[in-house]
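Please keep the sequence and model open while reading.

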Amino acid sequence: MRERLLFLLKTYLWTVVVFVTAKVVFMLCCHEATSVLTVADMKDVIVHGLTLDLSTALYFVSVPFLTAAVSVWWKREAVLTAVLRGYFVLISIAFALAFVTDTSLYPFWHYKLDATCLQYLDTPGDAAASVSAGYLLGRLAALVAVAAAIFMGYHKAMTQKGGISNRPNSAVLVTTFGDFGDHIRRFWSNGTYRRLTQTAGFILLVPLMVIGIRGGLDESTTNVGQVYYSQNQFLNHSAVNPVFSFLASFENTANDAKGYAFYSQAEMEQMTRGLYDSGTVAGDTLLNTRRPNVVVILLESCGSMFLDVMPHLRQAAAEGIDFTNCYGNSYRTDRGTVCALSGYMSFPTMSVMKMSNKVGSLPSIARSLKREGYSTDYLYGGDINFTKMKGYLISTGFERLHWKQDYTQEEQATSKWGVRDDITFRTLSKLVRQHDDGKPFLIGYSTLSSHEPWDVPVSKYKERQYNGFSYVDDCIGTFLNDMKQSALWDNLLIVFMPDHSSDFNEYTEQHPDRNRIPMIWTGGAVRGPRKLEQICNQSDFAATLLGQMGLSHADFRFSRDVTSRDYRYPFAIHMFNNGVSMVDSTGFMLYDLTTECITVKTSPDAERMARTAKGILQMASDDLLRLGEKQ
C-alpha cells in the first residue's frame, strides 16, 4: 500500500509541477514587450493559480488511482503498467497541446484557451493562413519536446521504487514491531485480509479526492474566476490553468453555439432599429452633483411585491428618485448582476458571468468610473467564487473585494449562504466612512439573507419570505440612519435595486408584475423627491447613471438613459429558462421558446411584441458571440 500511495503522490506532484512550469513559460512568452513582468508578478500568479492547479491535477490522477486500486486484486502488473504507460503518453500529448496552443494563440486572442479553437479544425488551412511555415514547424517541435519532457516525469514515477507492486514489505513490520510485528506480518500475508484492508484505504481516499476536485465544501465549485486577483488581465489569465479552462468551456460553448436565428440579418436589424440607441439628450437632472460617491446595493430576490413589508425602503423611495415601472432582466443572481452593473442583456439558458473569455470585454459602471478617478470596492457576505462572480467583478473594474473569508467562522455560519446581512451592512457603513480622503468612490454590495431558506432572526409574519424581506428592510433602515449622520451624506448617492425578482404566491413568470422591481436612488446627492414612471429595465441603470454624471455610455450596447428626451419607446424585456416576456404601454406578453408560441398576453399587440422580443434576443446573442473578439 505504501508503494502505491508513493506512486500516486509522485504522479500528482509531477502534474502540479508541470502546470506551474507552464505558467512561467506562458508569462515569459506572452507578456507584452511594453509591460514589465517582475519576479513578484510571477510569484503572485503561481500562488493565486495554485488552487486551480491542485484541483485540476486530481482529475488526471483518477486513472492511476483506479489502476492502483485494481492492482490490489489483479496481479497482472505487466498489463496494468502498459495501461498506465499508454495513459501517460496520452495526457502528456494533451497537456503539451494545451500549453503550446494556449501560448501560441494568446497573443492573437487575448483570452485563455477554450473550446472555441475547435471551430477551426474544419478549416485548418484557413486557420494557418496568417502564420508562416516556420512558425508552424517551431510550434510542432515545441509540442514534441514538451510532450516528451512531461512523459519522462511520469515514467520516472512508474519506474522508481513504487508503482503498483503487489509485494508487501513484511520485513519492515518484523524489524519495527518485533514479535507483535510477526503476528501482523502473518495477518498481512493472508492475501484476502491484506487486499480488503488496502481496498478500504482506497475507498476512504475517494471522498478526499472528490472534495479536492470540487474545490472544497462551499457552495461554489472549482472555476476559472477563483484565481483572478489583479486589475491586470494578463496576470489573471496567466494564473488560469489552460487545461481546466479548455475543459470547463464546453458547458458555455454549447450554449454559445445555440444561436437564436429567428430572422434573416436584415429583418432582425430592421425590427430592432432604434430600440437601444438612446443617448443622453437634454434629460432630467436628478442629481445636484456630477461626481457623487456611489453605493449600489443589489437586494437579493427583492420584487416589488415585497415592498408592503419594507417601510424603510418605501421611505427611501419617497425621499428620493423612485423608478416605479422598472423590471428585472433575468431570474438568477449571476445574470441579474451583469444586467445591473454592466447594462448587458440576459439570456434564457446561459450565464454571461460564467463565460471567462467574455466578461473582460463587457462594459461596466466600475470601469467607466475608474477612468474618472473613482476607487472601486465590492462587498458580498457569501462565497464570491460562486458562479464565477469573483472573475467577473475583477475583470470589470472592481479593485478590492470583501467577502465571506474576511469574517470570523462564527459570522460565516450566521446563515446558510454566508454572513448575515446585518453584519455585512455594518461592513458597508465602515467601507463608506473610510473614504474620507476626498477621492470619489463606487461601492457595490450584494445582500444574501432574503434568499431561501430565509434563515433570518425575524418572525413577524406567517410567510417566511416576508420575514426575510422585513429583516433586510430593518438593515436598510439602520444603514440609512447611519449614513445620514455621516459627513459624506451630502455627496452620497445610494441605489437600491434587486438582482432579480422571485416567485411568490400568484407571482410566477406568467404574472405581468412578477418581474417588477424597485429601483430607488436616495442620498444627499439626490436633487429632490421624484417619481419616474417610464417603463424600463434594470439594465438601463448604467446608462441612466452615467448620463446623469455627464459621462459617455456609448459602449453600453443594451442600456438606455431613461431620463433622455430620445427615450421614445419605453419597454422592458425579461429572459428566463427557455422563455421571454415583454412589457410596454400596451400590456404584457410571454413567449415560450420551447413551444414557440405566446402563452400569456394582456396586450392587444402581443404578436408584434413577440416578434420584437425574439429580434432583441437574436441581436443580443449575435453580440455575445462577437464579445471578446479582438478588433
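Glu596 is found in the loop between S12 and S13. Helices and strands here are DSSP runs (helices H or I, at least four residues; strands E, at least two), numbered from the N terminus. The model is predicted: local features need pLDDT of at least 70, side-chain atom pairs count only at pLDDT 80 or more, and totals for chains, interfaces and linings use all residues. Residues are numbered from 1 along each chain as its sequence is written, and side-chain values use heavy atoms, with hydrogens and water left out.

Most residues other than glycine have a negative phi, and most peptide bonds are trans. Glu596 has a positive phi although it is not a glycine. Ser301 also has a positive phi and is not glycine. The table gives the values.

Where is the cis peptide bond? It joins Glu452 and Pro453, with omega about 20°. Pro453 lies in the loop between strand S5 (441-446) and H18.

**The sheet**

Four strands form an open sheet in the order S10-S11-S12-S13, with antiparallel pairing. Two strands pair if DSSP finds at least two bridges between them. S10 (571-576) and S13 (597-601) are the edge strands; each has a single partner, so one side of each lacks a neighbour in the sheet. From one strand to the next, the twist averages 20°. S11 (residues 579-584) and S12 (residues 587-592) run antiparallel and are joined by six bridges. Val580 has Tyr591 of S12 as its bridge partner.

Helix H20 (residues 606-626) lies across S10, S11, S12 and S13, at about 60° to S12. Axes are lines fitted to C-alpha atoms, for helices over the stretch in contact; angles run from 0 to 180 degrees between N-to-C directions.

**The helix pair**

H17 (residues 421-433) packs with H18 (residues 464-484) at an angle of about 20°, with axes 10 Å apart. That makes H17 roughly parallel to H18 (angles under 35 degrees count as such). Contact means heavy atoms within 4.5 Å. Contributors from H17 include Phe425, Leu428 and Val432, and those from H18 include Val472, Ile476 and Phe479. The contact residues divide into nine nonpolar, one polar and four charged. Ala, Val, Leu, Ile, Met, Phe, Trp, Tyr, Cys and Pro count as nonpolar, Asp, Glu, Lys and Arg as charged, and the others, Gly among them, as polar.

Technical notes:
Parallel < 35°, antiparallel > 145°, perpendicular 65-115°, else oblique.
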